[in-house]
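Please keep the sequence and the coordinates in view while reading.

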Amino acid sequence: MKMGDPEEAAEHGRRLILHNFLSFQECKELEFIHKSNCTVGYRPHVFSTTLSHLIATNSAHLIMPFVPIRERLKEKVEEFFGCQYELFVEFTGLISWSRGSSIGWHSDDNRPYLKQRDFAAVCYLNSYGNDFRGGLFHFQDGDPATIVPSGGDVVIYTADSRNIHSVDEITDGERLTLALWFSRDATYDEDAKLITLLSKNFLHDNAPELCLPFPASSNMYWFSPDQASSDQQLGFDICWARLHVLGYDLLFHQDKSYCSNISKLLMEPLRLTRGDELFEHEFINILHALQVVQFYCWKAPDFKSAKVEETTTVVLSQSQRERLVCLKSLFAKDVCLVDSVFSNVTFVGSAQHSFNWVDFRIAIAKWEDYVRKLHRELVMSLPHWRTQQSIFNASLDEK
């Protein structure tokens, strides 16, 4: 088959490339989820969002967009490798590779604790050239030898030594992927583990306040140049950093510049600032603010206000400006490092859309509607999942 065909099967049935498997909106929704919830990852300059982490941070409703995608991918893997009804999803995660990240030649089962992995699927959520540079995916042998990531495409392959591969260093931007691994061993079934977590941690009430996110330990959000260390004398908090690179700062009601406990600050109510303006809406914590900001980035083109409403901002006072400077020094020990990891001159245009606070206020209401909808779907799905001990796209008739 030629490059560009919907499906490309490689020699010996070892790998499959699916073009445009994910829609543009599916890619953007997963990008929103990742950039508003991710933690430091398993490799230097890599960030990850797992489904168990979403459950633990009171954002369990955000697993719903994954459900149909996981089903479709599992069906494709089983069909291509001829193992219908034999596989279990072993792991699902959003992974982003920022400037400086790479990985050398390896197979995905190359550790004793990974031997249960039989197949892998890597879904690209953004594109080489448009959103990042570097990050090409190479197979050590066979065809195709090199994969140029393109948003919506999927690479499926065996996880063993027949598909040794590497990823070039990212030189600019952030490379976003959804990665799934599949196993024939039911003891590694991710669904069963997630259903147990949901049953323990999920409150069966659709009151909107229960859907507000709750940050994890600050160590999970602290990026250090030496990622083997969580030394908060170096590096930065990635929640604050993702707000910063989009032009936002945060301000607490009371002066917190004396507080050195980042974990405590992550839990504090706050307001957002942009330029000289303070937005008067209160967010319950930094993760709440970050989710709304990333939702606005995702949906901004849909918000077309008449811009006749009064803005709910005030001009920052001198004392507030001084507090912003102090807070910046708490959340980022090296702002240049923040800009190196998350900012770039090549692809900044996609994030710097036309901004106004009226549209942002609309985004808050739309985010709340979005959360309520997913929460309701989860409440209705969970009994079926418990019965089947499987996470699937149940037919839901909304009332």
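## Basis of the model

The model is predicted, so local features are reported only at pLDDT of at least 70 and side-chain atom pairs only at pLDDT 80 or more, while totals for chains, interfaces and linings use all residues. Residues are numbered from 1 along each chain as its sequence is written, and side-chain values use heavy atoms, with hydrogens and water left out.

Helices (H or I, at least four residues) and strands (E, at least two) are DSSP runs, numbered from the N terminus.

## Salt bridges

The structure holds 17 salt bridges, each defined as a side-chain nitrogen of Lys or Arg within 4 Å of a carboxyl oxygen of Asp or Glu. Accessibility is described here as buried (under 20% relative accessible area), exposed (over 50%) or partly exposed (in between), using a 1.4 Å probe and protein chains only. One of the salt bridges joins Glu-31 and Lys-28, with an N to O distance of 3.0 Å. These two residues are three apart in helix H1 (residues 24–35), which means about one helical turn separates them. Glu-31 is buried at 14% relative accessibility, whereas Lys-28 is partly exposed at 25%.

A second pair, Asp-276 and Arg-321, has its closest N and O atoms 2.9 Å apart. This pair links distant parts of the chain, since Asp-276 lies in the loop between strand S18 (270–274) and strand S19 (277–279) and Arg-321 lies in helix H8 (residues 318–331), 45 residues apart. Asp-276 is partly exposed at 45% relative accessibility, and Arg-321 is partly exposed at 30%.

## Helix H10

Within H10 (residues 357–388), Arg-372 and Glu-368 are four residues apart, or about one helical turn, and they form a salt bridge whose closest N and O atoms are 3.9 Å apart. Arg-372 is partly exposed, with a relative accessible area of 31%, and Glu-368 is partly exposed at 30%.

H10 has 32 residues and reaches 46 Å from its first C-alpha to its last, close to the expected 46 Å; that expected span is 1.5 Å times one less than the number of residues. The helix bends by about 35° at Ser-381, with Pro-383 following within four residues, where the bend is the angle between axes fitted to the seven residues ending at a residue and the seven starting there. Just after H10, Gln-389 takes a positive phi of about 50°.

## Strand pairings

Two strands are said to pair if DSSP finds at least two bridges between them. An open sheet of four strands has the order S6-S12-S9-S10, with antiparallel pairing. Strand S6 (103–106) and strand S10 (146–147) stand at its edges with a single partner strand each, so one side of each is left without a neighbour in the sheet. Strands S9 (residues 137–139) and S12 (residues 165–167) run antiparallel and are joined by three bridges, and the bridge partner of His-138 in S12 is Ser-166.

Strand S11 (residues 154–158) has five of its five residues buried, so it is largely enclosed by the rest of the structure. S11 pairs in the antiparallel sense with strand S2 (residues 15–18) over four bridges and with strand S7 (residues 119–124) over five bridges. Val-155 of S11 is the bridge partner of Ile-17 and also of Val-122.
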